[in-house]
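Thanks for making the time this morning. I would like to walk through one model with you, going from a few charged pairs out to the chain as a whole.

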Amino acid sequence: MRPIVIGLCLVLGLAALPARADDASDAKNIVGTWKLVSVVYEDQETKARTPIYGEHPKGYQIATPEGRWLALVTAEGRKVPQTDADRAQALRTMISYSGRYRVADGKVTTKVEVAWNEAWVGGEQTRFIRFEGDLLHIESPPMPHPNLAGKVVRVIVTWQRDQ
């Protein structure tokens, strides 16, 4: 009788733990084309949240079943660059990178092969992922951001599955 009670306690104890991400399910769910909904930067010092690319940024993220990742984000209201200053501003109002990805422990990690920011090439970008119906929420850990002169922010991005 005692082993049954111990087993039942273990089962009940495990049921009380928060659910851990299911790697196989996350890996399957992330595959597809996702349209950008929003990008918010959270300042690590003040915790202020800013829709840094505007209320209606543009972008897509593509994750293939073979493990290829491509993300492109551009700010709302970008203009066709005419000068070197315009071209520099265009670079500061976008993010794009691609490489091989893997999913584990509620995170997606991309081994960056090409990026708008050469400093990311050869490194890894890790993001926390969470699915909510047709929405994919991706959050970065706090990091110095190259488009903000190294200011430390947490990037919070929401994507909607493209139909």
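Predicted model: local features only at pLDDT ≥ 70, side-chain atom pairs only at ≥ 80, totals over all residues.

Let me begin with E113, which at 42% relative accessibility counts as partly exposed, where buried means under 20% relative accessible area, exposed over 50%, and partly exposed in between, with a 1.4 Å probe and protein chains only. Residues are numbered from 1 along each chain as its sequence is written, and side-chain values use heavy atoms, with hydrogens and water left out.

What does E113 form with R68? The two form a salt bridge, with the closest N and O atoms 2.6 Å apart; by salt bridge I mean a side-chain nitrogen of Lys or Arg within 4 Å of a carboxyl oxygen of Asp or Glu. This pair links distant parts of the chain, since E113 lies in strand 6 (residues 107–115) and R68 in strand 4 (residues 68–74), 45 residues apart. R68 is partly exposed as well, with a relative accessible area of 31%.

A second pair is R102 and E124, whose closest N and O atoms are 3.1 Å apart in a salt bridge. Here too distant parts of the chain are linked, with R102 in strand 5 (residues 94–104) and E124 in strand 7 (residues 124–132), 22 residues apart. R102 is partly exposed at a relative accessible area of 45%, and E124 is partly exposed at 41%.

Salt bridges that share partners also join E42, R49, E139 and R154 into one network. Within it, the side chains of R49 and E42 meet at 3.0 Å, N to O; R49 is exposed, with a relative accessible area of 52%, whereas E42 is buried, at 9%. The count of salt bridges comes to eight by this rule.

Stepping back to the whole chain, there are three helices and 10 strands, taken as DSSP runs numbered from the N terminus (helices H or I, at least four residues; strands E, at least two). Along the sequence, the pattern reads α-α-β-β-β-β-α-β-β-β-β-β-β. Of the 163 residues, 36% count as buried. Finally, taking a contact as heavy atoms within 4.5 Å, 47% of the contacts between residues at least 6 apart in sequence join residues at least 24 apart.
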